[in-house]
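Subject: Structure handover

Hello,

Here is the structure for your files. Please open it first, then read the notes below.

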Amino acid sequence: MRHEIWLAALTDELRRHGVGPDLAGHVVAEAAGHLRDSGEAPLRAFGPPDTYAAAVADSVGGPALARSVPAGPVRLRAVDITKRYGRRTVLSGVSLTVHAGQVAAVVGANGSGKSTFLGICAGLVGADAGRVELHGTVGYCPQAGGTADFLQAGEHFALIGAGRGVPREAAVRDGARRAAALDWAPGDAQARHLSGGTRQKLNLVLAGLGDPDVLLLDEPYQGFDRGTYLDFWHEVWRWRDAGRAVVVVTHLLNQLDRVDVVLDLSAGSSGVAA
Ligand SMILES: Nc1ncnc2c1ncn2[C@@H]1O[C@H](COP(=O)(O)OP(=O)(O)OP(=O)(O)O)[C@@H](O)[C@H]1O
């Protein structure tokens, strides 16, 4: 399906689901930006327009879920992060503090530096200035990639589990349990044969394996169908209630009333959130 047709259908479906014009305009603009930048097919990136619109509508105006544990000690502190690529400054003096039991959202336009910032927090990308403190173990879910083409899901669980000190059998069991929470029963297919959405489920399961203290999730729900998208947010609330610190890069601003901290990188590539 061509981008314009899919986007027009999304606009109609958002209206049909009662999403207000401001939010609908924003969601469509973000989706268009993503499709343009990624070159992905709309159906692969977001699924059918009606299911994507329904997922957006489902989460609009939903009650903020009651916190069952108070925020704990600082788990992640990024202070005055600056990053340049060549002459271009992508991040300038960006700070974020996330405590145990908090969810932080990193938002901003395409290219505003969200993935770069998360990569710096994860220790995968070097900053030009500033510092990152991480207290505890870390799970990271990339926006794409991150899986090994020729390995099955169970082999991924065993491999990542080994890196986190989880014995093979326990890691495979833990992986299968987390997959079930996303409505996925991993079989023996190699990762290269999985759909884009299922590969993202695998990435998300790997991020949570071994119960890390800090979860860094880079738009992990791309390609998820509506049910899985909602399962994903429920998993985030469970992590929060279990005292984890969760950072989610997201373009869905309608979730922001449900998070504890928002870091907006759209305003001139600098931001502070504590
Ligand atoms: N390794 C790199 N070398 C040079 N430029 C880069 C590199 N990685 C990212 N960039 C540039 O830095 C800017 C920020 O990229 P980044 O992926 O962090 O943005 P983003 O906000 O996550 O975008 P999106 O919403 O599209 O995922 C972009 O202009 C990108 O082209």
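A residue counts as near a molecule when its C-beta atom, placed from the backbone, lies within 6 Å of it. The shell around the ligand then holds Asp-37, Tyr-85, Val-90, Gly-108, Asn-110, Gly-111, Ser-112, Gly-113, Lys-114, Ser-115 and Thr-116.

Two notes on provenance. This is a predicted model: local features need pLDDT of at least 70, side-chain atom pairs count only at pLDDT 80 or more, and totals for chains, interfaces and linings use all residues. Numbering starts from 1 along each chain as its sequence is written.

Which helix gives the most to its shell? Helix H5 (residues 114-122) does, with three residues. Helices here are DSSP runs of H or I with at least four residues, strands are runs of E with at least two, and both are numbered from the N terminus. By class, the ligand shell has two nonpolar, seven polar and two charged residues. Ala, Val, Leu, Ile, Met, Phe, Trp, Tyr, Cys and Pro count as nonpolar; Asp, Glu, Lys and Arg as charged; the others, Gly among them, as polar.

Now the chain overall. The protein chain has nine helices and nine strands. Of its 274 residues, 43% are buried (20 or more other C-beta atoms within 10 Å of the residue's own, all placed from the backbone). Contacts (C-beta atoms, placed from the backbone, within 7 Å) were also counted. Of those with a separation of 6 or more, 74% join residues 24 or more positions apart.

Next, helix packing. Helix H6 (residues 153-163) packs on H7 at about 125°, with the axes 8 Å apart. Axes are lines fitted to C-alpha atoms over the stretch in contact, and angles run from 0 to 180 degrees between N-to-C directions. H6 contributes Ala-153, Gly-154, Phe-157, Ala-158 and Gly-161 to the contact; H7 contributes Arg-168, Ala-170, Ala-171, Val-172 and Gly-175. That contact has six nonpolar, three polar and one charged residues.

H7 (residues 168-181) also meets helix H8 (residues 196-208): the axes come within 9 Å and cross at roughly 125°. That makes H7 oblique to H8. This crossing is right-handed. Gly-175, Arg-178 and Ala-179 of H7 touch Lys-201, Val-205 and Gly-208 of H8.

Regards

Notes: A residue is buried if 20 or more other C-beta atoms lie within 10 Å of its own, exposed if 12 or fewer, and partly exposed in between; C-beta atoms are placed from the backbone. Two residues are in contact if their C-beta atoms, placed from the backbone, lie within 7 Å. Angles under 35 degrees count as roughly parallel, over 145 as roughly antiparallel, 65 to 115 as roughly perpendicular and the rest as oblique. A crossing is left-handed if the near helix is turned anticlockwise from the far one by less than a right angle, and right-handed if clockwise.
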